[in-house]
Amino acid sequence: MTVPLPAEAAADDLSCLNARRSVPARQLQAPGPDDATLERMLRAAVRVPDHGKRLPWRFLRIAGDARLALGEALVARALQHDPGAGAAMIDKDRQRFAHAPLVIAVIAKLGADGKIPESERFSSASCVCFALLQAAQACGFGAQWLTGWPAYDQTILRLLGLGPDERIAGFIHIGTPKLEAPERERPDPLALLTDWAPT
Ligand SMILES: Cc1cc2nc3c(=O)[nH]c(=O)nc-3n(C[C@H](O)[C@H](O)[C@H](O)COP(=O)(O)O)c2cc1C
């Protein structure tokens, strides 16, 4: 006897999954999701596999003027690193968080754990990023998962309030697409599929 899936999961419809694509952050504009819609997205995003139920992730919202302040901090940090940085690079850093009206940083909470490897906990945080992308698109928004140097710079991580055992899994930029995102060629999964056979 087979045990049925929950009714809401029974529909054999992959259309939403198959339509998923990123909208580049610079193509995103206001409006972003309101608070109620964001909450729905986050509720979908936390339904990820999580070995040991460690909850190895949290969310940080970067919105409104905070996006611009973060851009200025990035410029200051970039100039500290490379005082001769060109105007184009400086402008890129200033604008990094300025395009989409909302950026959700998905923060992986790691640290010592006697049972669950760090890689599995980071994988769970990465699943949250992907689920949030899907939820954003299902709610009618465009989204892109970005990292870039700010995700790995200790000064910026401290500024964002990350603890020593925390890492950025992704910055999820969310907003209204200015135009339809072009599709890119997708791999043929069957070309990637082999059968294992005992030798
Ligand atoms: C962990 C991770 C980090 C990423 N960081 C960047 C990034 O910093 N800059 C970028 O252009 N794309 C980055 N990407 C790729 C985009 O999220 C996206 O996959 C790409 O724009 C292709 O679009 P698609 O999702 O429709 O295939 C990253 C993807 C992952 C999984």
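1. Let me start at the ligand: one of its oxygen atoms sits 2.9 Å from an N or O atom in the side chain of Q144. That falls under polar contact as used here (a pair of N or O atoms within 3.5 Å; within protein, one must be able to donate a hydrogen and the other to accept it, and residues adjacent in sequence count only if both atoms are side-chain atoms). The side chain of R186 also puts an N or O atom 2.8 Å from a ligand oxygen atom, and for S22 a polar side-chain atom is 2.5 Å from an oxygen atom of the ligand. On its own the ligand has 620 Å² of accessible area, of which the protein covers 57% (Shrake-Rupley method, 1.4 Å probe; for residues, only the protein chains shown count as cover).

2. Before going on, a caveat: this is a predicted model, where local features need pLDDT of at least 70 and side-chain atom pairs count only at pLDDT 80 or more, while totals for chains, interfaces and linings use all residues. Numbering runs from 1 along each chain as its sequence is written, and side-chain values use heavy atoms, with hydrogens and water left out.

3. Who else is around the ligand? The residues there include R20, R21, W145, L146 and R184 (near means a heavy atom within 4 Å). By class, the shell comes out as two nonpolar, four polar and four charged residues (Ala, Val, Leu, Ile, Met, Phe, Trp, Tyr, Cys and Pro are nonpolar; Asp, Glu, Lys and Arg charged; the others, Gly among them, polar).

4. D93 is worth a look. This residue lies in helix α4, residues 87–95 (helices are DSSP runs of H or I, at least four residues, numbered from the N terminus). D93 is buried at 4% relative accessible area (buried is under 20%, exposed over 50%, partly exposed in between; 1.4 Å probe, protein chains only). Its side chain makes a polar contact of 2.7 Å with the side chain of R96. Leaving aside neighbours within four places in sequence, D93 is in contact with G71, L74, V75, A78 and W149 (heavy atoms within 4.5 Å).

5. E118 belongs to helix α5, residues 118–138, and is partly exposed, with 39% relative accessible area. Its side chain makes a polar contact with that of R167 at 3.1 Å. From L102, E118 is 16 residues away in sequence and 28 Å away in space, C-alpha to C-alpha.

6. On cysteines: a search of the whole structure finds zero disulfides (cysteine sulfur atoms within 2.5 Å). For C16, the nearest cysteine sulfur is that of C139, 9.2 Å away. C16 is partly exposed at 42% relative accessibility, and C139 is partly exposed at 26%.

Technical notes
Helices (H or I, at least four residues) and strands (E, at least two) are DSSP runs, numbered from the N terminus.
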